[in-house]
Amino acid sequence: MNADNIILVKAEDLYNEASRLRYDAKQPMDYLRDIVGMDWGEEGLGALYYMECTATGTRMVLKAVTADRDNAFLPSVCNLWKTAKIKEREVFDFFGIRFTGNPDMRRLFLREDWKGYPLRKDYDMNSNPLNMENEENADVTEEYTLMPDGTIKGKENVVFGSEDFVVNIGPQHPSTHGVLRMRTSIDGENIRRIDPILGYIHRGIEKMNESLTYPQTLALTDRLDYLSAHHNRHALCMCIEQAAGIEISERAQYIRTIMDELQRIDSHLLFYSCLVMDMGGLTPFFYGFREREMILDIMEETTGGRLIQNYNVIGGVQADIHPDFQRKVKEFIKHLRSVIKDYHDIFTGNVIARQRLVGVGVLSREDAISLGATGGTGRASGWSNDVRKHHPYAMYDKVDFREITRTEGDSFARYMVRMDEIMESCHIIEQLIDNIPEGEFRVKTKAIIKLPEGNFSTSVESSRGEFGVMLESHGDKYPYRLHYRSTGLPLVDTMDTVCRGQKIADLIAIGGTLDFVIPDIDR
Amino acid sequence: MEIKKRTDIRSMKYEEFRNNDYLERMVKQLNDDGAGVIVGTADELINWGRSNSLWSLTFGTSCCAIEFMALGAARYDMARFGFEVTRNSPRQADMIMVLGTITHRMAPVLKRLYDQMAEPKYVVAVGGCTISGGPFRNSYHVVNGIDKIIPVDVFIPGCPPRPEAFYYGMMQLQRKIKVERFLGGVNRKEKKEDSK
Amino acid sequence: MFDYYNLEPVLMWIHSTMCGLMPEWLAFTIEGIAVGIFIMVMYAVLAIILIYMERKVCAAFQCRIGPDRVGGRGGLLQVPADVIKILTKEIISLKNSDKFLYALAPFLVIMASILTFSCLPWNKGGEILHMNIGIFFVLAASSIGVLGILLAGWSSNSKYTLIGAVRSGAMIISYELSIGLSVLTMVILCGTMDIQEIVAYQENGWNIFKGHLPALMAFVIYLIAGNAEANRAPFDLAEAEQELTAGYHTEYSGMHFGFFYLAEYLNLFITAGIAVTLFLGGWMPLHIAGLEGFNTIMDYIPGVIWFVGKTFFVVFLLMWIRWTFPRLRIDQVLILEWKYLMPLSLLVLVIMTVMKVFGLVF
């Protein structure tokens with residue numbers, strides 16, 4: 001049993017308790033992993049705060065509950081962690097809990113005229129029929145303040161005033177990597193403020209999970225961040241295995257690790273292609289895709305899928321590796337090492353590319369941690385946050401690899417971190433590929449899996465940051481609540497911080513280097 | 001002028017296509033209405049141009065968009081068919097390829113984009129999500145099939161479809177365009193019960 | 001000397017024959033209409049060839065095949081198919097746009113392009129618009145294009161088009177300086193503004209060899225600035241697909257968009273054509289001093305082939321640049337012009353003047 005240890009705090013003490021932990025002398029909990037909204041029925045609404053100390057790696061969970069369902073209020077912690085601002089909006093959107101002190105209490109994923117809060121257990125699924133009216137976005141947000149006498153006062157904050165020249169970038173735009181919409185206030189070519197509007201691909205996966213059995217929930221993870229399909233599924237499988245106490249074979253661990261790294265190379269190659277295309281150079285795009293197709297071939301032989309593979313299952317993997325797998329992987333790595341120089345020749349060394357990337361969009365280490373910008377983005381700012389190093393899973397504690405970090409925090413550093421990670425992934429695969437042990441690739445599991453009561457969480461290093469699974473089980477064959485920590489949501493949240501004062505063209509380049517995938521943000 | 005019954009596509013036999021009956025029905029309708037020789041010949045030329053120059057609007061919402069990029073990349077190279085010119089402005093596009101799930105929030109946007117496009121415009125629904133809602137059919141925020149919002153010309157099933165499937169779908173669209181009429185009446189606006 | 005392919009006597013003969021058959025004003029009118037149609041047809045044919053070339057060239061750079069299905073193995077009919085499609089496509093009129101300017105803008109762009117196009121020296125005696133300040137006229141006419149772009153962006157009443165148009169305006173007006181200065185450098189070298197005489201001056205050697213170092217620098221500056229004038233990557237900020245969806249012509253559809261599209265490619269050709277005229281000898285054949293036999297053989301190749309061949313070579317160079325470099329940012333574009341290219345071209349102009357005065361050119 002590896003259930004999370006949860007500390008229950010009273011709603012009114014939440015801010016003080018969180019503040020004490022955040023500024024603790026010994027191990028400050030400076031990284032807020034996620035806020036998971038919860039509907040405990042009779043007990044009331046509430047939220048779980050997953051936090052981590054970046055220095056020691058210690059993780060803690062706080063739980064706050066409010067019994068009043070109609071007027072649910074919790075104190076906001078957005079003064080302590082910047083990422084809390086957008087995460088609290090998400091909780092408000094899904095559960096209707098208002099956070100006092102958060103300056104921006106608009107809906108995050110759903111339309112502003114949406115009725116009800118979908119992730120509450122008593123939500124009527126048919127209460128919002130398809131509305132084909134064009135959506136109007138309000139330029140004001142609401143802020144709630146808790147008065148000393150216990151009453152709540154509302155106040156309006158202005159997002160864009162009448163003097164702002166607001167350009168809509170998205171939702172249908174070639175360079176937002178999906179259907180992200182950024183309302184951008186500009187002054188000439190300079191950006192004054194960005195207000196990301198999400199939810200154009202919000203598919204309600206977390207709500208759907210609550211009516212699916214555990215093996216069924218796996219199918220949806222691949223569609224979250226389709227470029228980290230293996231990682232996402234790996235995290236969920238690990239979480240369920242951990243809760244159910246299933247030990248998987250070493251062979252399966254090896255295969256999962258190799259597949260994860262192949263997926264990472266695949267995703268980073270696509271990152272390269274898309275970044276270059278966003279910056280207007282079309283030819284290198286084709287180079288990236290040329291090598292990516294080779295990975296897809298290898299994966300297709302074993303898993304049967306090109307993009308969405310459905311390969312990891314509870315207890316191991318779906319099928320054994322193809323007999324040619326090892327040979328082809330080795331050939332591919334040899335080939336990749338020989339062509340990666342071309343990539344650098346045509347783009348990294350290019351004077352225009354450097355001018356566009358170096359010193360642009362600097363994200364400081366403090367901001368990266370406070371905003372929860374994990375993955376390559378955080379590592380480019382000097383924040384060592386690789387889950388594979390700090391909380392090893394699968395085979396990562398047995399292989400030797402380097403965590404790539406840089407200190408500049410600009411677009412170029414973000415780009416170089418990912419390019420170097422390609423080589424590091426090759427290095428990991430080379431250590432494993434010849435030593436895959438014989439044995440079962442999948443242990444037998446019961447047809448219906450029931451997990452014991454408790455909260456479980458795992459995290460993996462996906463292609464673009466820490467992907468977390470937060471699961472609450474009430475001993476049923478369905479999860480009571482299954483939440484995914486989105487890798488991209490904090491990254492989109494950093495856009496406003498990073499882009500202010502830059503040019504429109506930089507906005508596109510910065511978006512490319514942050515490397516987010518929208519379906520993973522909206523879930 | 002009698003319109004040919006068969007719409008040929010290079011390197012694929014007529015019998016190898018499915019849904020030929022649908023096209024034959026369109027041809028029959030055209031022949032029943034009748035057209036002059038000159039108008040008919042001009043129509044054939046126009047249809048040839050249109051079917052070979054399908055510029056798509058880049059409209060990717062999720063996974064299928066990545067496969068569409070793979071379609072454009074070197075191995076599958078849709079430039080061979082002349083499809084490679086993707087326009088980002090709906091005004092200049094000939095068809096909208098809906099790649100990925102359409103949610104309630106996106107639906108009005110999709111409709112608006114469709115309305116912004118210039119005639120002739122075609123819609124290709126790619127992937128399970130756009131056809132029926134796919135794996136997200138039971139969700140509270142997903143449109144169960146974009147044919148509820150805009151008229152669809154070709155469905156390409158898959159999750160996501162392979163690039164080869166994209167090609168098959170595009171060829172079907174080409175075949176469909178080849179039996180249209182530009183001068184003197186448009187036969188695209190079929191009655192609801194016929195468009196199954 | 002080679003006069004084998006001089007077109008002037010032929011054209012004079014046609015003119016005098018027609019004057020004998022009808023009054024002179026009628027002859028002029030008929031000739032004018034014929035020449036107009038000829039220009040239009042040439043324009044369209046060249047655009048088709050250029051678009052096809054661009055597709056094949058970029059495919060080659062990108063490890064692809066490019067069009068190969070429509071019209072035989074080579075995909076030769078791909079572009080005509082596109083043209084037919086675009087001709088029969090709906091032209092959308094916008095509700096809140098300035099309708100007159102919106103309709104006028106594409107014609108301004110195409111008109112500027114055609115006017116410049118008709119100044120190109122195709123052959124000896126084969127220039128359509130011949131005047132003694134020809135190169136000045138080219139510069140003046142090509143500047144009308146930016147007006148069309150600005151109007152297109154303004155009248156569409158969309159933020160993307162407006163940003164694209166303003167970018168384009170700032171950029172083209174800046175780069176016109178460098179173009180003007182590098183053209184002026186060559187005018188100083190040749191001592192004339194007449195395009196035919198500039199070509200004739202290069203009979204014994206192309207300007208790029210005659211003017212050696214400053215001419216070479218002027219050539220490079222001209223290519224960079226000309227690329228910017230034609231709104232081609234890495235200077236395609238006005239369109240900037242990834243930033244502004246389609247830039248200033250976002251709201252245009254059908255043939256109106258087609259005009260912008262054609263003008264882009266023809267401007268590429270014109271930029272290359274002017275570069276060839278000024279620096280690479282126009283329709284003059286390649287001569288190497290001392291190789292008489294070789295020179296005689298070269299003389300037998302018609303001037304028009306020389307001109308078109310050289311122009312397509314320069315077009316290829318520009319395409320190569322386009323498909324290699326990522327796009328610049330607006331401030332970098334302006335910095336490049338105002339801090340580097342403009343001072344440099346002024347310097348080149350001074351050097352060229354000094355060298356011409358002291359007879360240091362060949």
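Visitor: What makes E14, E15 and E16 of chain A an open sheet of three strands?

Guide: The strand order is E14-E15-E16 (chain A), with antiparallel pairing. Strands are DSSP runs of E of at least two residues, and helices are runs of H or I of at least four, numbered from the N terminus. E14 (454-462) and E16 (481-485) of chain A each have a single partner strand, so one side of each lacks a neighbour in the sheet. From one strand to the next the twist averages 15°. This is a predicted model, in which local features need pLDDT of at least 70 and side-chain atom pairs count only at pLDDT 80 or more. Residues are numbered from 1 along each chain as its sequence is written, and chains are lettered from A in the order in which they are written.

Visitor: Why are E15(A) and E16(A) called paired?

Guide: Two strands pair if DSSP finds at least two bridges between them. Strand E15 (residues 465-473) of chain A and E16(A) have five bridges in the antiparallel sense, so they count as paired. A:Glu472 has A:Arg481 in E16(A) as its bridge partner.

Visitor: What makes domain 1 and domain 2 of chain B separate entries?

Guide: Domain bounds come from an automatic or database domain assignment, which divides chain B into domain 1 (18-52 + 181-194) and domain 2 (56-173). Their centres, taken over C-alpha atoms, are 24 Å apart.

Visitor: How many salt bridges are counted between domain 1 and domain 2 of chain B?

Guide: A salt bridge needs a side-chain nitrogen of Lys or Arg within 4 Å of a carboxyl oxygen of Asp or Glu. The count between these domains is zero.

Key. Heavy atoms only, no water. Axes fitted to C-alpha atoms, helices over the stretch in contact; angles between N-to-C directions.
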